[in-house]
Amino acid sequence: MSKFKWRIDSENYLSNNSKQADKMMLKHFVETVCCSLDEYCEKYTLEDAKAGKIKYCHSCSGLRNRNSSSAKKLYGHMQEINTRLGNKPEPAQICENDIYQFKIKEFEGKSGYRCFGYFLPGDVLFNLIYLDPDHEVYKE
């Protein structure tokens, strides 16, 4: 069983210009996003995440078929990341099954708060790239 870790992929972070996401105070980011992801890392394994055993957390395997503008934006961004990764000495590709969403604790009345990121194949590191306070990616 592999414990997973997380980090912010600052090179590939996708802004959504939301007051509750990209403009939140550092204190709130640490108390909500960081604490929530740290709790997932302590309680669950990578296998739990991939098997869908974590409530409200799942692979985004159908992301390309979503109609919301946020889903299209996120999917397009993942394709751009793949292009950059493919140009490195050891190319790695992210498929839709490697993109995950994790639920974040309620924050400022936003119970649908989600964060998105990816696991590179064979890696236990969740790379956070997008915050979605209004659950816009799956809003349809």
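Which residue takes a positive phi in the hairpin of E4 and E5? Select Gly122: its phi is near 80°, and the hairpin has five residues between the strands. Before moving on, some housekeeping. This is a predicted model, where local features need pLDDT of at least 70 and side-chain atom pairs count only at pLDDT 80 or more, while totals for chains, interfaces and linings use all residues. Residues are numbered from 1 along each chain as its sequence is written, and side-chain values use heavy atoms, with hydrogens and water left out.

**The whole chain**

Zoom out and show the cartoon. The protein chain has three helices and five strands (DSSP runs numbered from the N terminus: H or I of at least four residues for helices, E of at least two for strands). Along the sequence they follow the pattern β-α-α-β-α-β-β-β. The radius of gyration is 14 Å, close to the 14 Å from the globule rule for 140 residues, so the chain is as compact as a globular protein of that length (C-alpha atoms only; the rule is 2.2 Å times the number of residues to the power 0.38). Along the principal axes, the C-alpha atoms fill a box of roughly 40 × 35 × 25 Å.

**The sheet**

Now select the strands. They form an open sheet in the order E1-E5-E4-E3-E2, with mixed pairing (two strands pair if DSSP finds at least two bridges between them). E1 (5–8) and E2 (58–59) are at the edges with a single partner strand each, so one side of each has no neighbour in the sheet.

Next, go to E4, residues 114–119. Six of its six residues are buried (under 20% relative accessible area with a 1.4 Å probe, protein chains only; exposed is over 50%, partly exposed in between). In a regular strand, side chains alternate between the two faces of the sheet. Show side chains here: Arg114, Phe116 and Tyr118 point one way, and Cys115, Gly117 and Phe119 the other.

Stay on Tyr118 and look to either pairing. E4 pairs in the antiparallel sense with E3 (99–103) over five bridges, and Ile99 stands opposite Tyr118. E4 also pairs in the antiparallel sense with E5 (125–132), over six bridges; there, Asn127 is opposite Tyr118.

**The cores**

Select Leu37, Phe102, Phe126 and Leu128. These have the most contacts inside the largest nonpolar core, which has 24 residues (a core is a set of buried Ala, Val, Leu, Ile, Met, Phe, Trp, Tyr and Cys residues joined through side-chain atoms within 4.5 Å). Elements giving two or more residues to this core are H1 (26–43), H2 (46–50), E3, E4 and E5. H1 supplies the largest share, six residues. There is also a second, separate core of 15 residues, and Leu14, Leu74, Ile94 and Tyr118 are among them.

Now show what surrounds Phe126. Leaving out residues up to four places away in sequence, its contacts (heavy atoms within 4.5 Å) include Trp6, Leu37, Phe102 and Tyr118.

Is Ser36 buried or exposed? Click on this H1 residue: Ser36 is buried, with a relative accessible area of 5%. Beyond residues up to four places away in sequence, Ser36 touches Lys103, Ile104 and Lys105.

Finish on H3, residues 69–86, which lies across E3, E4 and E5. H3 runs at about 145° to E5 (axes are lines fitted to C-alpha atoms, for helices over the stretch in contact, and angles run from 0 to 180 degrees between N-to-C directions).
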